[in-house]
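Thanks for coming, everyone. Please have a look at the structure on the screen before I start.

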Amino acid sequence: PAAPSAQVPASPGGSASIRVPAPSRSDASLQALRRQAQEGDTRAQVELGLHFYRNAGLPQAGAQARQWWTMAAESGDARAMAGLGYMLGTGTGGVRDVPAGRQWLQRAAGAGMGRAHYLLALVERRMTGPKAMQQSRLLLEQAARDGDAMALNDLAVERELDGRSAEAKELYVQAVAQGSQTAQQNLNRIASYQRANEAEQLARLRAKADDGNADALLELAYRYHLGRGVQRNFATAIQYYRRAADAGSSKAREFLGLIFSRSNEKKPVIDE
């Protein structure tokens with residue numbers, strides 16, 4: 001399963017999301033954005049913070065991301081609150097301050113920032129002890145109920161690791177519906193494993209059937225009759241039913257009796 005991300009992820013959409021713009025900006029556009037941010041434009045402050053957060057290799061990138069997001073957060077922008085809270089709570093770009101990080105993330109959640117519960121879960125996940133783990137799980141489940149794509153994927157990963165495959169698959173499907181490419185990759189991986197397992201099972205069945213095993217012959221008859229893991233083929237199913245019956249399978253004889261009793265039924269009278 002894909003490992004849960006430790007970064008502030010880009011949301012699949014919606015106004016209340018931390019959106020990461022294209023990483024490449026011309027010097028002129030960056031300078032214009034900086035002027036707008038210095039003049040108090042909250043949107044520019046958020047985007048400038050995102051620019052430095054995304055480009056961690058720039059000089060003082062972490063400090064600058066915190067600086068611009070702090071200004072925007074203090075002006076009431078929920079995206080900046082969430083970004084700043086995550087950076088503080090995880091120590092990204094500077095000193096770690098978990099209480100302050102929690103506070104900003106809680107404010108972001110209260111302001112309608114859908115990603116905030118998920119980011120809070122990531123902050124708690126970095127803490128030690130059973131209480132923090134429990135809190136992280138509760139927050140992750142809350143974010144998943146809210147429809148957050150990354151939370152749905154991460155919760156599906158946990159379910160899969162716990163052996164709850166059916167629940168995991170359902171959560172992956174929900175995450176894909178919310179735009180998660182990671183969840184789609186996980187679904188593709190599960191489907192690939194299932195195809196490989198089915199191919200292995202079919203090969204083992206064929207080998208046993210070649211040795212005259214009645215149960216294997218009957219299972220192959222079912223598969224071709226119903227199209228389970230193979231292309232549906234009624235004639236091939238009949239052949240396997242007959243071979244299974246010859247090998248001593250009473251169930252195969254029952255199915256053959258039912259099949260041929262149907263085919264021998266009189267045609268309805270329509271011309272009296």
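First, the ground rules. This is a predicted model, so to speak of local features we need a pLDDT of at least 70, and side-chain atom pairs count only at pLDDT 80 or more, while totals for chains, interfaces and linings use all residues. Residues are numbered from 1 along each chain as its sequence is written, and side-chain values use heavy atoms, with hydrogens and water left out.

Confidence, then. pLDDT is the predictor's confidence in each residue, from 0 to 100. The average for the protein is 86, and 86% of the residues score at least 70. Over residues 1-23 pLDDT stays under 50, and the model has 59 contacts for them beyond four places in sequence. Contact means heavy atoms within 4.5 Å. Residues 267-272 also stay under 50, with zero such contacts.

Now helix α1. Helices here are DSSP runs (H or I, at least four residues), numbered from the N terminus. Helix α1 covers residues 27-38, twelve residues in all. From first C-alpha to last it reaches 16 Å, close to the 16 Å expected at 1.5 Å a residue. That expected span is 1.5 Å times one less than the number of residues.

Which residues of α1 are buried? They are Leu30, Leu33 and Ala37. Buried means under 20% relative accessible area, exposed means over 50%, and partly exposed is in between (1.4 Å probe, protein chains only). Seen down the axis of α1, the buried residues fall within an arc of 60°, so they line one face of the helix. The arc is that of the directions from the helix axis to the C-beta atoms. They pack against α2 (42-54) and α3 (61-74). The face turned away carries the exposed residues Asp27, Ala28 and Gln38. Just after α1, Gly40 takes a positive phi of about 100°.

On to the cores. A nonpolar core is a set of buried Ala, Val, Leu, Ile, Met, Phe, Trp, Tyr and Cys residues joined through side-chain atoms within 4.5 Å. The largest one has 53 residues. Leu48, Trp69, Tyr118, Leu119 and Tyr172 have the most contacts inside it. Helix α4 (residues 78-90) gives the most to this core, with eight residues. Apart from it lies another core, of 20 residues, including Leu202 and Tyr240.

Next, a loop residue. Ser180 lies between α9 (165-177) and α10 (181-210). Is Ser180 buried or exposed? Its relative accessibility is 6%, so Ser180 counts as buried. Beyond its neighbours within four places in sequence, Ser180 is in contact with Ala149, Asn153 and Ala175.

Last, the rings. Rings of Phe, Tyr and Trp (its six-membered ring) pair if their centres lie within 6.5 Å; planes under 30 degrees apart count as stacked, over 60 as edge-to-face and the rest as tilted. The whole structure has five aromatic pairs. In one of them, the rings of Tyr222 and Tyr241 have centres 6.2 Å apart and planes at 75°, so the pair is edge-to-face. Tyr222 sits in helix α11 (residues 214-226) and Tyr241 in helix α12 (residues 234-246), so this pair ties together parts 19 residues apart in sequence. Both Tyr222 and Tyr241 are buried.

Tyr241 also forms a stacked pair with Phe255, 5.3 Å centre to centre, with 10° between the planes. Phe255 lies in helix α13 (residues 250-263), so that pair joins parts 14 residues apart in sequence. Tyr241 has 0% relative accessibility, whereas Phe255 is partly exposed at 29%. Together, Tyr222, Tyr241 and Phe255 form one aromatic cluster.

Methods. Helix = DSSP H or I, 4+ residues; strand = E, 2+ residues; numbered from the N terminus.
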